[in-house]
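Notebook open, pencil ready. Here is what I looked up today.

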Amino acid sequence: MTEVVHAFTDGACKGNPGPGGWGALLRFGETEKELCGGERQTTNNRMELMAVIAAMESLKRPTRIAITTDSQYVKRGVTEWMSRWKRNGWVTAERKPVKNRDLWERLDGALAPHQVDWHWVRGHTGHPDNERADRLANQGIPRGALG
């Protein structure tokens, strides 16, 4: 696993819940790949998760990947909370079902074959690749979903 892929991910939602989109920019050397998609009725957290899921599921073989997100929910979910949720049968420390469990489980499976380094940046502060992921997320919002 010597190759390093860099992924920049973001989610967007017009209303929460409401129409939403996700975007991911993947970079390996000079090669870039843009991904985006969305749903007519969703939440911002679901779109943040989908951005990372789409990035991971687009990888063709196990690799080392550096994921940059502006979502503390996603970063902390993976690096701090998910192992405990799994041990506890997908319930939180407050004994409530984990929200978005379907996507957390999907993300867990997508991450498994890879070596992942997590990075957080504050959103909407001019980080060029985060801003690009944000544009992709907004592009992914289904046309006609905004009225």
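I began with a rule: the expected span of a helix is 1.5 Å times one less than its number of residues. Helices here are DSSP runs of H or I with at least four residues, strands are E runs of at least two, and both are numbered from the N terminus. My model is predicted, so local features need pLDDT of at least 70, side-chain atom pairs count only at pLDDT 80 or more, and totals for chains, interfaces and linings use all residues. Residues are numbered from 1 along each chain as its sequence is written, and side-chain values use heavy atoms, leaving out hydrogens and water.

**Entry 1: helix 2.** I checked the length of helix 2 (residues 72-87): its 16 residues should span 22 Å, and the end C-alpha atoms are 21 Å apart, which agrees. I also found a kink of about 60° centred on W81 (the bend is the angle between axes fitted to the seven residues ending at a residue and the seven starting there). Just after helix 2, G89 has a positive phi of about 75°.

**Entry 2: its buried side.** Which residues of helix 2 are buried? I listed Y73, V74, G77, V78, M82 and W85; buried means under 20% relative accessible area, with a 1.4 Å probe and protein chains only. They pack against helix 1 (44-57), helix 3 (101-111) and strand 5 (115-120).

**Entry 3: T9.** I found T9 in strand 1 (residues 4-13). T9 counts as buried because its relative accessibility is 1%. Leaving aside neighbours within four places in sequence, its contacts (heavy atoms within 4.5 Å) include G23, A51, I67 and N130.

How values were computed: Buried means under 20% relative accessible area, exposed over 50%, partly exposed in between (1.4 Å probe, protein chains only).
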